[in-house]
Amino acid sequence: MKIEKLLLKLLSIIFISIFLSNCSKKDDGDFEEPEIITEEVAPITLNNEINDFIWNGLNEIYLWQEDVPNLADNKFATQDDYFTFLNSYNIPENLFDGLLYQIDVVDKFSYLVDDYVELENSFSGTSASNGLDFGLVRLSGSDDVFGYVRYIANNSDASTKDISRGEFFLTVDGQQLTLNNYSNLLFGSNDSYTLGFADITNNTIALNGKTIALTKTNFTENPILINKTIDAGGIKVGYLMYNQFIADFDDELNTAIAELKSQGISELVLDLRYNPGGRVSSAIILSSMITGQFTDKVFSTEVWNKRYQDYLKANDAESLINRFTSTLLDDSPINTLNLNKVYVLTTSGTASASELVINCLRPYIDVVQIGSSTTGKYTGSVTLYDSSNYGREKANPNHTYAMQPLVFKSANVNGVSDYYNGLTPDYLITYNTASGSGEGENLTNLGILGDVNEPFLEKALSLITGSTTKLSTKSKSFLGVDFKNVADSKDFTPLGKGMYTTLKK
């Protein structure tokens, strides 16, 4: 027991000595703090490189970049903050939509595609199509949808079938079209379907037993649907129905104008009622063909976001001006009509580059607009690819996403732009319905395109000849239906109602 007490006492002395010794080192400034081991935090990694492409592209060139807080240059303090934001979006489309300025209110036309090859084909007029162009509407108070045939593209699958303009269809493969299913049934992955046709009686639509099977192919539609000369009371009137501004068909357009010129026309009716737009250069070329006396004068001016606008003004101010031309893109000369007046037929399907022609010709010649108000798209886009300069060359091989954001707005030589509610016609086409009246095309009396009795063309010819229009009698005797527009077939092409140009670098 004594030995144990002695050992305990010795141990106590040793412990006290060590403690005092350590305190002495601390007092002498030699005390070493114990090492604190901290766990290193790994940096945030990016989950989806497409999201990075979307944010950078929109931050660089989007027309309303300054108005979107999440696109601000100083939005993110660190790369981790940036990646954390991008990673909060699992689907690229959701990020893209979330970065648009007042989507579907101000910006109705910017879009993202997951296959830029399909987009490029659409710029050339090529898409998966059976050639049937149609509108989709619904009767008031119903979610059921029906289609009406607007026209059939030449040399298409539909052109070989028993289908005519003005016919109605109600079902696809036996299923009633509704607001919930029309997109999938008509524009889904199915290349073939069968339409069930219908008749309208007393504002009620019902199947009539007729069915037609159609098949989509990789089809290139010639935008020149009709080009003819009409003798109207001794006046030679050219009628050109042009359904999209496509650079690949500028040569054909030049030939069409040459044909009208050779036939000695003195008046022109330009039918753009189903033209959703397209390439700006083709709009300039058509406008220059209609006139010819304004070469090199200002056709339109462009306004980009502040970053681009300031840069272009300082380095290439001329690139912000589009001028009337005397040549095609390959420098071959264009044919011109040297007209001082043109009659343009429009509907709510007239958009973008079509509106550009009307707005930019008005300061120079008399543009007589007939029909109903246009879409109201005065903005243009460019294609952005995932590359260092957003060009097609060296695009990221890991995906085929591309953006078509709105990047500029157009104005005519007098500065007129921002026609948000569309361009209002000089002569509004109306018709009677059971509840009052409607505007634009009467679905029960669409008429035959290019025929002198077709309501829109009939009105134009009456103005040209100075005769009393028959619209107040014969045309209005066809009682129209009360309906609400849903969509049209061109809305579901990659280009949609777009106006585009090439990226300025």
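Me: How many contacts beyond four places in sequence does the model have for residues 1-29?
Reply: The model is predicted. Its pLDDT, the predictor's confidence in each residue from 0 to 100, stays under 50 over residues 1-29. A contact means heavy atoms within 4.5 Å. Beyond four places in sequence, the model's count for residues 1-29 is 3.

Me: What pLDDT do local features need?
Reply: Residues are numbered from 1 along each chain as its sequence is written, and side-chain values use heavy atoms, leaving out hydrogens and water. Totals for chains, interfaces and linings use all residues, side-chain atom pairs count only at pLDDT 80 or more, and local features need pLDDT of at least 70.

Me: Over which residues does pLDDT stay under 50, with 10 contacts beyond four places in sequence?
Reply: The chain averages a pLDDT of 90. A score of at least 70 is reached by 88% of the residues. The stretch with 10 such contacts and pLDDT under 50 is residues 470-474.

Me: How many strands does the chain have?
Reply: Helices (H or I, at least four residues) and strands (E, at least two) are DSSP runs, numbered from the N terminus. The chain has 11 helices. Its strands number 26.

Me: Are H7 and H8 roughly parallel or roughly antiparallel?
Reply: The axes, lines fitted to C-alpha atoms over the stretch in contact, come within 11 Å for H7 (residues 250-262) and H8 (residues 280-290). They cross at roughly 10°, on a scale from 0 to 180 degrees between N-to-C directions. Angles under 35 degrees count as roughly parallel, over 145 as roughly antiparallel, 65 to 115 as roughly perpendicular and the rest as oblique. Therefore H7 and H8 are roughly parallel.

Me: Which residues of H8 make the contact with H7?
Reply: From H7 come Asp250, Leu253, Asn254 and Ile257. From H8 come Ser282, Ile285, Leu286 and Met289.

Me: Is Asp104 buried or exposed?
Reply: Asp104 lies in the loop between helix H4 (92-98) and strand S1 (111-113). Its phi is near 70°, a positive value in a residue other than glycine. Buried means under 20% relative accessible area, exposed over 50%, partly exposed in between (1.4 Å probe, protein chains only). With a relative accessible area of 58%, Asp104 is exposed.

Me: What is the relative accessible area of Asn202?
Reply: Asn202 sits in the loop between strand S7 (192-201) and strand S8 (204-215). Its phi is positive, about 50°, although it is not a glycine. Asn202 is exposed, with a relative accessible area of 72%.
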